[in-house]
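Welcome! Take a moment to look over the chain below, and then we will walk through a few of its features together.

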Amino acid sequence: MDPVHDTRACFRALVDATSRPGTIQSVAVDPADHAVIATLVDHEVSLATTDDAIAGALASEGRLTETAPEAADIVHATVPTDGDVREYDRGTLEEPSDGATVVYRVDSLSEDAETAPEHWTVLRVSGPGVPGERTVAIEGFPTEEAQALADAQSTYPRGVDAILTTRDRIVALPRSVTLEVA
């Protein structure tokens, strides 16, 4: 990963995805979850991850502050059920931005929920940045985890931000949106 070019491109994709929740953005670095983590984590941001590759890379650059998922600024869920998202930091009413960001690694993403296979989880997204409603279909994201994420985001302005990643694509589900498991 090029520390300047790829980080800047990933940041731009994150901005686009976050400002348009439920839309899928491309990332040039494979895997996308590593690109997102490398873009967001610095020496002031704590991380919970079970991925030794990204932890080692960040540690070698002096950017890794590891902590438990319940206290982390960023939680890297390499398996969507790594922990209970409802237990992660949701911030406070005074500082809702202190809530965690969860970066999920999933198998596939599609904006075409109507043709998605039955075993995929479909989320309806509405709220700021969404004209009306959007749907996103996700392979490798159990409906139980999707419901737990919706529960964790139900205390707006408190909540968690979520970024779902595949090999080369991302979708953002910020705490400001309303999620419904279809």
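Helices (H or I, at least four residues) and strands (E, at least two) are DSSP runs, numbered from the N terminus. This is a predicted model, in which local features need pLDDT of at least 70, side-chain atom pairs count only at pLDDT 80 or more, and totals for chains, interfaces and linings use all residues. Residues are numbered from 1 along each chain as its sequence is written, and side-chain values use heavy atoms, with hydrogens and water left out.

Let us begin with Thr101, which sits in strand 5 (residues 101-105). With a relative accessible area of 15%, Thr101 is buried (under 20%; exposed is over 50% and partly exposed in between, using a 1.4 Å probe and protein chains only). Apart from neighbours within four places in sequence, Thr101 is in contact (heavy atoms within 4.5 Å) with Asp73, Ile74, Val75, Asp161 and Ile163.

Next, some peptide bonds. Most peptide bonds are trans. The one from Asp30 to Pro31, however, is cis, with omega near 5 degrees; Pro31 lies in the loop between strand 1 (24-26) and helix 2 (32-40). The bond from Tyr156 to Pro157 is cis too, with omega near 15 degrees, and Pro157 belongs to the loop between helix 4 (143-152) and strand 9 (161-165).

Finally, how do helix 2 and helix 3 lie relative to each other? They are roughly parallel, a term for angles under 35 degrees. Where they meet, His34, Ile37 and Ala38 of helix 2 touch Ala53, Ile54 and Leu58 of helix 3.

Note on methods:
Angles under 35 degrees count as roughly parallel, over 145 as roughly antiparallel, 65 to 115 as roughly perpendicular and the rest as oblique.
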